[in-house]
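Reader: I would like to know what stands behind the labels used for this entry. Please set each value against its definition.

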Amino acid sequence: MASANSAPHSHESATPDSASASPAAQPSADITALTTRDDFLLELGETLGGRAAVRPVDSLEGALESMARGKRGQVLVIDARDVTNVRAAVDAAHAAVPRAVVLVFAEETVEKQLGASLRGSKVFAVLPMPLDPPKTRAVVEGALTEAVAKRAGASSTGAANPLAAARSELSVDAFKPQGASAKNAGGLGGKPRLLLLGAAVAAVVVAAAGAAWYFMRGQPTSVPAPLAAAAPAAAPASVEQAPALASPPTADMSIVHGKVDELLEKARLAMHERRFTEPAGDNALLYYRSAAAADAASGEARDGLQRVAAVLAGRFDEAMSGGRIEEAAQMLANFKAAAAGDARVPAFEQRLYAAEVSRAVNDGNLERAAQYVRQAQQSTAIPAEQIARWRADIARHQEDAKVQRLAGLVEDRIREGKLADSDDSAAAYLQQLQAAAAANPHTQRVSHALIVADLRKARESKSSAEQEHWLSAARAAGLKPAEASAFQREMAGARQKAAQAENERLAQLARERLRDGRLTDPAQDSAAYYLTQLQAVDAGSAALADTGRELAGKLLDRARSAVLAGKSADADLAQARRWGADPRELAAVQQLQAPKSSGAAKDAAALAASLKRLRVATPDYPASALAQRISGSVTLEYTVDTRGDPRDIHVVEATPPGIFDQAAINAVKHWRYAPAVAEGNAIEVPGVRARVRFELPK
């Protein structure tokens, strides 16, 4: 008796009914999930629906320790995104817990590759993410069946009654935490993470459907004939059936038979010793109820029940204030046993249901909250308006959970650089998010983040087509027309500034080479070279015209000096003509050239035509022109010297200009001719022309 007096406010003990619950109703297989992703656990819970329980852990060591202590069948779920070496984790699990059944979940893009790497291991199956609900339910149930069979030491086909065995072994309910330590075991981020998951799909149907997916086990697991035969009977247990809540606490409604005076005496003693409702079979509530049942007119019995009810009402209020909801539920059950018609019962019930719904919602267990609401709806004590408010609150939280999950996926894909062009991209998840909750702040936030990322890609683009692609992606993410127009203006201005800077750079280089006297040589670092580049990008540039005339003047001066020295000036005259030299000045220099001696004698055109080419080098096709599918030709003029080597090579005509010029010059430099001979001596042949064609490969 002393123990009852020492703890008047302790949690009520379990009723005889609950204590005698059948062991078959307890979980027969544990599921441990190695993951740090709440979204994965939420998706798995939505898929399974509530019949199986999953204990999340964030390390392989924690998972193996928990599974090694387990007395039931063990299923280990591995989220491959959180494990660096999945094969090593699978092998470690089977080494530490040989009876464990391992399932691996991987992103759809790597599922096949990971499955191939795990062939030959003892993994049960590799499943894709996002989850395929029918496949996932089937394989999880199959894994549970396998875990139960391993625990029993024999397959389910060896059971004396396979159908009964299957129904019993596959009754996998929620884990029941043992005290505070159990609540925190396996928690991620310092908060309880035991999530109730499940599917009310009949075990027999799911096991049969899942057998085809056991591809990692060499051969498909067969389904015993009795189970297959039982499938039609199990079909009514559809996926949409809600997982059952634990039975609410009940009061001991038994009656003790005896004389009324003796019952009242025992009741008075129990009240004195504060044994109001415990221990079972020896408490004031039991004796007063028994006395009232034996003598309905007993005023002492009625008064005693009222005094017990007053104590229980106080304990109910104290438990509710302390957040001890299970204790409060037991107090309310006992209170109704003491004073079933008390006017406070409806208010107590409404307060209790409100606390249960609120706790489930705050824990993120929205399915359990919905079940409490359905349970409350069956009570006449809860107004319809309150039921409607609870349902609206749950629906809002469900929508928020979905929105937050999708928003998280958008942010993850942005960080990974997967912006668009696939079903597993930020754009794809944002589209789902906008369809579900376009005005939600989370939607607006990630939409802005994706627009910023798309526009960054557009700025980095190397071509107009690529830039337009990313601008279109930004529009799809929510970029407004005015913002798109402003961005296009910004990019056009940036391109114009970049073009102006490049033009100025080329013009400056050409002017510097003019000052240094490098008019045409070296071929790729001369004034003529840089002016050719400038002509290709901006043929109408004012700097091109001014610097070209300056180059033409310097070339005429050099040609005049060459003529006066008795040398050929044909190459310089041709270049001067190209860059806009005055025709009169060109004619004046040409008139200075000494007439050819009759003895030397062959006409220049005839000499050029008589040249025999000994070696030809094929020009390299410029990569930029090949990429843009550009073809063309270049006409070159040069002098063949006494050794048969081309020199003073310059462009006479190019189509399109500036694209193939250098490639043609580089090729002709490697050509070789048989030297021309006049009067027994090798002579130079000026004015030789060749046309080099650049045609796209077929």
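Author: Helices (H or I, at least four residues) and strands (E, at least two) are DSSP runs, numbered from the N terminus. The chain comes to 29 helices and 13 strands. Residues are numbered from 1 along each chain as its sequence is written, and the model is predicted, so local features need pLDDT of at least 70 and side-chain atom pairs count only at pLDDT 80 or more, while totals for chains, interfaces and linings use all residues.

Reader: What makes E8 and E9 a pair of strands?

Author: Two strands pair if DSSP finds at least two bridges between them. Strand E8 (residues 632-640) and strand E9 (residues 646-655) are joined by seven bridges and run antiparallel, so they meet the criterion. Val640 stands opposite Pro646 in E9. The hairpin has five residues between E8 and E9, and Gly644 in its turn has a positive phi of about 90°.

Reader: Where is Pro656, and what joins Thr655 to it?

Author: Pro656 sits in the loop between E9 and H29. The bond from Thr655 is a cis peptide bond, with omega of about -10°. A cis peptide bond also joins Glu278 and Pro279, with omega of about 0°; Pro279 lies in the loop between helix H12 (260-272) and helix H13 (284-294).

Reader: Why is the pair of Tyr621 and Phe660 called edge-to-face?

Author: Rings of Phe, Tyr and Trp (its six-membered ring) pair if their centres lie within 6.5 Å; planes under 30 degrees apart count as stacked, over 60 as edge-to-face and the rest as tilted. The structure holds eight aromatic pairs. For Tyr621 and Phe660 the centres are 5.7 Å apart and the planes make 85°, so the pair is edge-to-face. Tyr621 lies in the loop between strand E7 (612-615) and helix H28 (623-627), Phe660 in the loop between E9 and helix H29 (661-669), so the pair ties together parts 39 residues apart in sequence.

Reader: Why is Asp421 called exposed, and what is its phi?

Author: Its relative accessible area is 62%, so Asp421 is over the cut-off for exposed. Asp421 has a positive phi of about 70° although it is not a glycine. It is found in the loop between H18 and helix H19 (426-437).

Reader: What span is expected of helix H16?

Author: The expected span is 1.5 Å times one less than the number of residues. H16 (residues 345-362) has 18 residues and reaches 26 Å from first C-alpha to last, close to the expected 26 Å. Its buried residues, including Phe348 and Leu352, pack against helices H14 (299-321), H15 (325-338), H17 (366-377) and H18 (384-416). Ring pairs link Phe348 with Phe316 and Phe335 into a cluster.

Technical notes: Heavy atoms only, no water. Buried < 20%, exposed > 50% of the residue type's maximum accessible area, 1.4 Å probe, protein only. Contact = heavy atoms within 4.5 Å.
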